[in-house]
2 protein chains.
Amino acid sequence: MDWPGRFNDCTNNRLEDSEIAAIMKVSAAEKALSLAAGEPFGALYPVGPLQESFNRVLSSDLPIWGYSNTRAGVAGLCVWIAEWMRGDGLLPEWVTSDNVFITNGSQEGLSLLAECFLEPGDTILVESPSYPEALGVFRKSGVKCLGVPLLADGPDIEAMETTLAGQKVKMFYTIPTFQNPTGFTTSDEKKRKILDLAKKHDFLIIEDDPYRNLSFVGFPGGTYIHAAGDDERVIYLGSFSKIIAPGLRCGWVVSSGEVTEKLVKHRVMGTLCLPELLQNAILDFVTGIDLTRHLKRLSDTYRQHRDALLSSLREHACPEGLEITTPGGGFFLWGRVPWIRDMGRFAYFAIRNEKVAIMPGDIFFPQRGQGIDTIRLSFSKVIPSMAEEGAKRLGEALGKFRTAQEERPL
Amino acid sequence: MDWPGRFNDCTNNRLEDSEIAAIMKVSAAEKALSLAAGEPFGALYPVGPLQESFNRVLSSDLPIWGYSNTRAGVAGLCVWIAEWMRGDGLLPEWVTSDNVFITNGSQEGLSLLAECFLEPGDTILVESPSYPEALGVFRKSGVKCLGVPLLADGPDIEAMETTLAGQKVKMFYTIPTFQNPTGFTTSDEKKRKILDLAKKHDFLIIEDDPYRNLSFVGFPGGTYIHAAGDDERVIYLGSFSKIIAPGLRCGWVVSSGEVTEKLVKHRVMGTLCLPELLQNAILDFVTGIDLTRHLKRLSDTYRQHRDALLSSLREHACPEGLEITTPGGGFFLWGRVPWIRDMGRFAYFAIRNEKVAIMPGDIFFPQRGQGIDTIRLSFSKVIPSMAEEGAKRLGEALGKFRTAQEERPL
């Protein structure tokens with residue numbers, strides 16, 4: 001069968017392989033010590049309380065077995081999310097639970113928003129670097145992703161203005177808090193400036209915010225959606241993946257009612273509805289525990305992981321040329337090794353030779369060939385003893401790669 | 001905000017409202033006795049065994065909390081499905097568990113297949129009538145759906161040949177067994193003829209088969225995918241929704257390896273992965289029970305429901321002009337009321353005036369204005385005492401509608 005002759009243009013030409021998945025696969029096959037995985041620390045999954053929540057829901061009279069009647073998500077969970085976010089000062093006045101739409105993780109939110117808005121030939125702005133699976137969704141839609149350099153306090157405003165002077169953009173996709181891959185957080189001042197630009201040049205802002213509650217610095221700044229006030233141009237994506245468990249596949253979108261309505265319609269065509277069992281278990285869990293304490297436990301642990309990895313890296317890998325930043329929350333350290341001219345090549349070298357996996361930074365850049373000396377290191381799953389061993393292996397790998405590179409230059 | 005000015009063409013112009021959902025909503029609001037819902041009978045959900053399966057999985061060491069590593073679905077479930085279908089003689093030699101891809105219900109399978117293959121401007125063949133949420137997915141993709149009249153033993157072959165002589169079609173979407181909405185089953189002889197046409201005119205066959213195991217007539221005939229043998233042009237969709245519980249959101253696609261590979265990539269961009277808890281619970285359930293006995297219990301009950309509704313309709317509604325067919329399985333009775341010139345109008349009349357809900361047949365036709373005298377009646381959830389009352393109300397509604405129509409003709 002001539003399958004490429006039957007697949008559509010998107011499938012043949014715009015559907016990308018996940019480079020993250022490719023590296024994770026080799027890493028697993030080589031049994032490498034992983035500083036690469038953007039996943040929560042398994043020991044922090046609240047398994048006991050979740051089991052109890054599931055047991056309560058499974059033995060309740062909740063309508064979990066039939067088709068869902070609430071195609072936007074379980075109503076009680078939407079109400080809880082709206083109240084929780086409002087309590088944290090993250091929502092503008094106009095948002096009610098009717099503006100909350102539950103998704104199979106934020107990825108479904110991104111994908112449905114792309115289905116709502118994007119047309120081949122459109123141009124959008126993204127942070128450079130940014131989350132590759134989001135860029136993949138956008139590129140699959142046939143749009144051009146223009147990168148705005150991301151600085152430690154947020155996007156480079158001048159570069160953004162220059163880009164906006166040159167073309168019409170439809171939206172700006174941003175992860176403002178403890179960004180993936182950089183760990184950077186956009187300052188509230190920059191958020192206001194970017195909102196002004198969004199009004200002036202009339203583009204939407206997609207605010208992807210899964211790491212907010214894993215803060216090592218207290219309140220990590222406000223949301224775009226709150227700062228925008230009456231202006232409904234910000235669409236907010238939240239997720240339970242990093243604060244409860246990604247296997248429950250539960251995120252949410254907060255958007256203008258007209259957008260929510262279209263999301264519901266795209267949902268019906270895409271999957272009819274989501275499994276209510278999972279949403280009800282999450283609702284039971286979040287209302288049954290001391291959430292503040294739970295989130296503090298997560299943040300404390302991740303801060304310890306960050307500190308241990310930073311300290312080990314400084315001892316074992318920085319002497320080999322690694323430069324590293326200190327994030328205020330989330331899962332990731334961002335850095336560079338100025339003498340490396342192809343971090344992807346180094347990544348496979350390190351996995352195969354020293355059994356340590358890192359994520360090459362260039363895969364996070366919207367434009368090929370950028371960030372070839374950059375690196376993402378994940379501390380989320382790395383306990384202190386692993387951090388020491390991982391940093392040692394990384395240092396070793398860097399030393400050996402430098403020798404190899406000197407012997408056989410690119 | 002000018003939202004329509006921001007939405008893409010698909011969202012503004014190709015994304016349809018679900019007419020089924022609209023009728024169900026009014027039906028629920030009016031507390032109507034429903035002969036409309038295409039859902040399983042709630043009392044048949046195997047709640048006890050499912051609770052036990054969930055409890056076993058929740059307290060096991062299975063990796064249900066993190067991101068799924070198997071983006072095509074839980075490997076054990078794919079193996080089980082392949083073995084089960086092979087045991088029933090439904091699969092050709094080339095299919096292994098690697099060709100099985102788990103979905104959030106068959107709707108996700110349809111949607112991902114549309115994403116793989118369809119391009120605006122394509123033409124596809126569908127049965128006339130057919131399942132509206134499938135037609136909605138195809139039309140959302142911008143394709144033209146040409147209807148092939150469906151007869152009691154399957155598609156009208158001559159009509160199909162005439163259509164194929166006039167244009168190139170990319171695929172044929174069919175529900176060959178106990179079809180929704182007609183309950184009709186395509187004979188094996190017709191399947192062979194259609195496969196010959198598919199080879200001759202080089203189109204794919206999408207075989208949607210969720211009702212197969214709810215048979216009142218024994219083995220309901222083979223599958224297209226088995227009949228096609230080495231030819232990998234048939235893509236098969238199966239579902240646990242009708243035989244376990246739709247709330248678990250679990251279906252599957254069997255397809256050529258090259259198609260499965262693309263489905264996985266579209267899945268990653270669409271949702272990353274599905275919740276493994278649900279798939280593991282289903283695997284535990286199907287391997288732990290006597291499945292043959294379970295399916296016989298379902299079929300026996302649905303046959304009783306069919307017989308009771310048929311008998312009550314013959315007594316109370318057929319005298320008002322309802323003509324009705326007898327399906328060999330599934331959920332639906334298909335019929336017509338020759339004197340009705342707008343079944344949609346009758347549907348709302350019946351809900352509001354007699355508190356009985358039926359599904360107007362015209363919404364199932366790919367071409368507007370067809371089947372305006374046709375009707376779908378669902379017996380799945382209708383216990384015999386409800387059947388009697390429902391048929392009485394339907395008879396009353398027909399009588400009153402006839403009077404109203406005579407007084408105020410369309």
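Chain A folds into 14 helices and 14 strands, counted as DSSP runs from the N terminus (H or I of at least four residues for helices, E of at least two for strands). This is a predicted model, in which local features need pLDDT of at least 70, side-chain atom pairs count only at pLDDT 80 or more, and totals for chains, interfaces and linings use all residues. Residues are numbered from 1 along each chain as its sequence is written, chains are lettered from A in the order in which they are written, and side-chain values use heavy atoms, leaving out hydrogens and water.

Here are some values for chain A as a whole.

| Property of chain A | Value |
|---|---|
| C-alpha span along the principal axes | about 65 × 55 × 55 Å |
| Distance between mean positions of positive and negative charges | 3 Å |

The charges number 44 positive and 52 negative; Lys and Arg count as positive, Asp and Glu as negative, with His and the chain ends not counted, and each charge is placed at NZ of Lys, CZ of Arg, CG of Asp or CD of Glu.

Now for the pair of chains. Chain B superposes on chain A by a rotation of 180° with 0.0 Å of shift along the axis, at RMSD 0.0 Å. That is the relation of a two-fold axis. Within chain B, the residue closest to the rotation axis is Asn55(B), its C-alpha at 3.7 Å.

Note on methods. Least-squares fit on C-alpha atoms with pLDDT ≥ 70 in both.
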